[in-house]
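Subject: A two-chain model for you to look at

Hi,

Here is the structure I promised to pass on. Please have a look at it first, and then read my notes below.

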Amino acid sequence: MSATRPEDEPGRSGYRARHEMRASGSRLRPMLIAGGVLVMVYALVGAVTGGDVNLVGVPVFLVAVLVLHDGVFLPVVLGVGALVRRFVSERWRSAVRAAAVVSLAVSVVATPLVLGFGRSADNSSILPRAYGWGLILILIVIWGVSLGIRKGLERRRRRNVG
Amino acid sequence: MVRDPGREVTGAADPEKTGPTDREETGAAGHLGTGGPEVEAVGRRNRLGADGLRRAVAWLREPLPAPPEALRRGPLRDGAFPSKLRSTRLTSQLGVALGVAFAICFVTGLLSHLIQHPPFWFWWPARPVGLYRFTQGLHVATGLACVPLLGAKLWSVYPRLFSWPPARDPAAALERLSIAALVSAALFQLVSGILNVARWYAPMPFFFTTAHYWVAWLAIGGLLTHVGVQLPVIREALSRPVEYGPQLSRRGLLGAVGAAAGVITVTTIGQTVAPLSPVSLLAPRRPTTGPQHLPVNKTALAAGVRDSALNPDYRLLVVGPAGRVALSTAALAALPQHTVVLPISCVEGWSSTGTWSGVRLRDLAALVGADPDNAEAEVESLEAGGRYRTSAVATPHLRDPSTLIALRLRGEPLAIDHGYPARLIAPNRPGVMQTKWVGRITVRGKT
């Protein structure tokens, strides 16, 4: 990748294209903003007049997910990140972080399945698997692959140097 | 205001048609007096409107008083977030991916809504038979893959939640409010969607379907506004040359996020892509698990139809322009039988293919004197109530020879949980519209 900005080279086709894009952007922006506001107003009007939306439950849940995410979930994630920085040696840190990111995302999806509250006595086709074991197996694979890749990279680097 | 400098304003003989022009708006035109009182009034009203707008914009840009510095503690401190991984470029790249994913979810979700609640202008074909299976599978898979994308995106902008001062002017305060609406709506959609595919309804104090639908509009509106506001920042961030450093780099993090989306997809998509079922350890359904190797959404017990469905006096009532017929199970079995291979495609994202045998709906329509090529039907279940007790069969589906009132699955009589004694099975439709335990069919000719 060159160190100069493409803008510094007016002869390139990207230069003109980008400037044309900017010119059209000056009209695009207010359209996007106004359009978005209109769509949000439509959402509110539709939800209120539709008659089928719980006008207490939905706002409560909207606020709850925001507060729980920003006030509990993310601070805990940041805390774990700080622990990784504090206790994991630099050599392994990237691999641990990557594995932790993937594990966290998979666990978010898996948690309601593992808890299994959706199961029903008269319908065995709902949640038919052993999700707890499935999650454990997936986490093992994630950490194995991530740390394995780290080791492999190291070995290759050592070979290249030697 | 649309500028139209090329417009001829001397044609003031027809003031209504001329209307307010750019020059009138700015008050610079000297011809106003010649246009008669109407033009003057329009010009004045317009000036007032423009003034009001300008005042409103000025007020939005009025600086707000700075909050006391003493409040600036904890995460509000300078440098409270040490990670060097956060950058506008990372946020922009995650944002673009998330924008595409949300657009896919919105379009496929809206489509599913329109199929189930068709307005007068909407038309949905019966072919290709697996189109809905694809769009709804894509809807759920994309939504699940959004989990790491949204997580990383919110992480990357988290410090901005604590920016100081909280808002410089009312415009910034409004923008932050719209961001809160967007983040809230996005989290709402993912969390409620995940709970719904896991069929865990207790944490949701509302009916899922309509809430998920209207909050989707909120999310997409918030997204459009957000992109509009941030457009210059996004363009700048994505066109700037990349600086390389020795970090778990931005690319490393993007790779991890992508890997997370991939793992989630592979471990859940088997609920609709049957060959991947063995590795989809987190799929809420297995396409072959259920009575007669097919999953069930609502059982006969849950629907409260066990007794009426098993009653030997059961009759399928078919009503049409020429009258009505009441068909017993034996009478239904005596009509010409056809076998089709069609999927059940659930709104929850799973699907499974079945081999169904039964009577063509178009044959039943003809039996009661309707033109099967130009009719619609309403199919009612034996259920006493519930949102999905009835379903409408539009002309393309009624006409289609593969639309059956099925009596058998895989060669055996339907299991009670699959809709014994008779169920509707039609191509390219959501599972909730494949009415089970059919008790009555009303066919109407279209004019």
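Let me start with the cores. The largest nonpolar core has 79 residues, and those with the most contacts inside it are A:V102, B:W214, B:A219, B:A260 and B:I264. By nonpolar core I mean a set of buried Ala, Val, Leu, Ile, Met, Phe, Trp, Tyr and Cys residues joined through C-beta atoms within 7 Å. Buried here stands for 20 or more other C-beta atoms within 10 Å of a residue's own, exposed for 12 or fewer, and partly exposed for anything in between, with C-beta atoms placed from the backbone. Helix 3 (residues 90–115) of chain A gives the most to this core, with twelve residues. Apart from it lies another core, of 46 residues, which includes B:A300, B:A365, B:V379 and B:I416.

A word on the source: this is a predicted model, in which local features need pLDDT of at least 70 and side-chain atom pairs count only at pLDDT 80 or more, while totals for chains, interfaces and linings use all residues. Residues are numbered from 1 along each chain as its sequence is written, and chains are lettered from A and ligands numbered from 1 in the order in which they are written.

Now the two chains in outline. Chain A has four helices and zero strands, and along the sequence they follow the pattern α-α-α-α. Chain B comes to 13 helices and ten strands. Both kinds of element are DSSP runs numbered from the N terminus: helices are H or I with at least four residues, strands are E with at least two. Of the 162 residues of chain A, 22% count as buried; for chain B, with its 447 residues, the figure is 42%. Two residues are in contact if their C-beta atoms, placed from the backbone, lie within 7 Å. Among contacts between residues at least 6 apart in sequence, 38% in chain A join residues at least 24 apart, and in chain B 68% do.

Next, where the chains meet. The contact takes 66 residues from chain B and 60 residues from chain A. On the side of chain B that touches chain A, helix 7 (208–239) is one of the helices that supply at least two residues each, and helix 7 gives the most, with 16 residues. By class, that side of chain B has 49 nonpolar, 14 polar and three charged residues. For these classes, Ala, Val, Leu, Ile, Met, Phe, Trp, Tyr, Cys and Pro count as nonpolar, Asp, Glu, Lys and Arg as charged, and the others, Gly among them, as polar.

Helix 3 of chain A and helix 8 of chain B pack at an angle of about 35°, with their axes 9 Å apart. The axes are lines fitted to C-alpha atoms, for helices over the stretch in contact, and angles run from 0 to 180 degrees between N-to-C directions. Among the residues that meet there are A:V102 and A:V106 from helix 3 of chain A, and B:A260 and B:I264 from helix 8 of chain B. The residues of this contact divide into twelve nonpolar, three polar and no charged.

Then there is the sheet in chain B. Five strands form an open sheet in the order 2-1-10-5-6, with mixed pairing; strands pair if DSSP finds at least two bridges between them. Strand 2 (323–327) and strand 6 are the edge strands, each pairing on one side only. The twist averages 15° from one strand to the next.

Going through the pairs:

- Strand 1 (residues 316–320) and strand 10 of chain B run parallel, joined by three bridges, and B:V318 has B:I441 as its bridge partner.
- Strand 5 and strand 10 (residues 438–445) of chain B are antiparallel over seven bridges; B:E378 stands opposite B:T442, and B:E376 opposite B:R444.
- Strand 5 (residues 375–381) and strand 6 of chain B are antiparallel over four bridges, with B:E380 opposite B:T390.

Happy browsing!
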